[in-house]
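Please open the structure in your viewer and keep the selection panel at hand. The tour goes from one selection to the next and says what is to be found at each.

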Amino acid sequence: MKMLVVIPARHASTRFPGKPLVMIHSKSMIQRVYEQALKCTTVNDVLVATDDERIEKAVKSFGGKVMMTSSLHQSGTERCAEVVQNAGEDYDVVINVQGDEPFISPEQIDLVAKCFNDPTVHIATLIKRISKVDELSNTSIVKAVVGEQLQALYFSRSPLPHFRGIPAEQWLSSGIYYKHIGIYGYRTNVLEQLVKLPPHNLEQAESLEQLRWLANGYRIKTAITLLETISIDTPRDLETALQFSKENKL
């Protein structure tokens, strides 16, 4: 299989404008994400997809591949689909790596890629077991409910499952909860279909695009990662990332 990693990167972030270009010590965030993706053993190419010339210039400055895409896209999924349409090469799988996770592990990307060894998989993503009570109650952390074969059954901002008759503070010790790690892989023929789907009421209720796919019958395979990620959504998150980089000499 031929696989492409696409890193969608927007400059006009509502919560943190210009965040792909913020410096984490000696390197920009987008450069760090790109270099981590290059370390993957299962992918053939890595490309940044952006709608901003400043990001395009920055990627070219460190020797990365970049494609200018429409500013009208509502999601990274749509941006990935445009890349596939205009790439000039045929790829079997596209992996959408978030442009705000500068320390994402190459092993995590490879874990998603390997899900497609199963020919029945349409979409793949990662989950991680929740071990902290505050993560369970945090609506910014998306929870995943999976079946026996690790197929995704539902995603929610609320703690699921609900343990009837047990106080909420005891739920984490009563069962297994997973949080969603926001990296996606799609077969390219499936990706073309996904961006044509109309919004679904479940997606709109939770503000989670993957619910649109589940509601329309697409199979999402999950893989369990033991590694944590650091997503930078706000300037405060950047402080955490800087400290992490310093402590781990990255």
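Begin by selecting Gln 36 together with Ile 104: the side chain of Gln 36 reaches the backbone oxygen of Ile 104 at 2.8 Å, a polar contact in the sense of a pair of N or O atoms within 3.5 Å, where within protein one must be able to donate a hydrogen and the other to accept it, and where residues adjacent in sequence count only if both atoms are side-chain atoms. The model is a predicted one, in which local features need pLDDT of at least 70 and side-chain atom pairs count only at pLDDT 80 or more, while totals for chains, interfaces and linings use all residues. Residues are numbered from 1 along each chain as its sequence is written, and side-chain values use heavy atoms, with hydrogens and water left out.

Staying with Gln 36, show helix H1 (residues 29–38), where this residue is found; helices (H or I, at least four residues) and strands (E, at least two) are DSSP runs, numbered from the N terminus. Gln 36 counts as buried because its relative accessibility is 15%, with buried meaning under 20% relative accessible area, exposed over 50% and partly exposed in between (1.4 Å probe, protein chains only). Leaving aside neighbours within four places in sequence, Gln 36 is in contact with Pro 102, Phe 103, Ile 104, Ser 105 and Pro 106, contact meaning heavy atoms within 4.5 Å.

Next, select helix H2 (residues 53–61), whose buried residues are Ile 55, Glu 56, Ala 58 and Val 59. Seen down the axis of H2, these fall within an arc of 165 degrees, so they line one face of the helix; the arc is that of the directions from the helix axis to the C-beta atoms. The buried residues of H2 pack against strand E1 (3–9), H1, strand E4 (45–50) and strand E5 (66–68), whereas the face turned away from the buried side carries the exposed residues Glu 53, Lys 57, Lys 60 and Ser 61. At the N-terminal end, Asp 52 caps H2, with a side-chain oxygen 2.8 Å from the backbone nitrogen of Arg 54, and after H2 comes Gly 63, whose phi is positive, near 85 degrees.

Finally, select Lys 2 and Tyr 91: Lys 2 lies over the face of Tyr 91, at 5.1 Å from the ring centre, the criterion being NZ of Lys or CZ of Arg within 6 Å of the ring centre and within 35 degrees of the ring normal.
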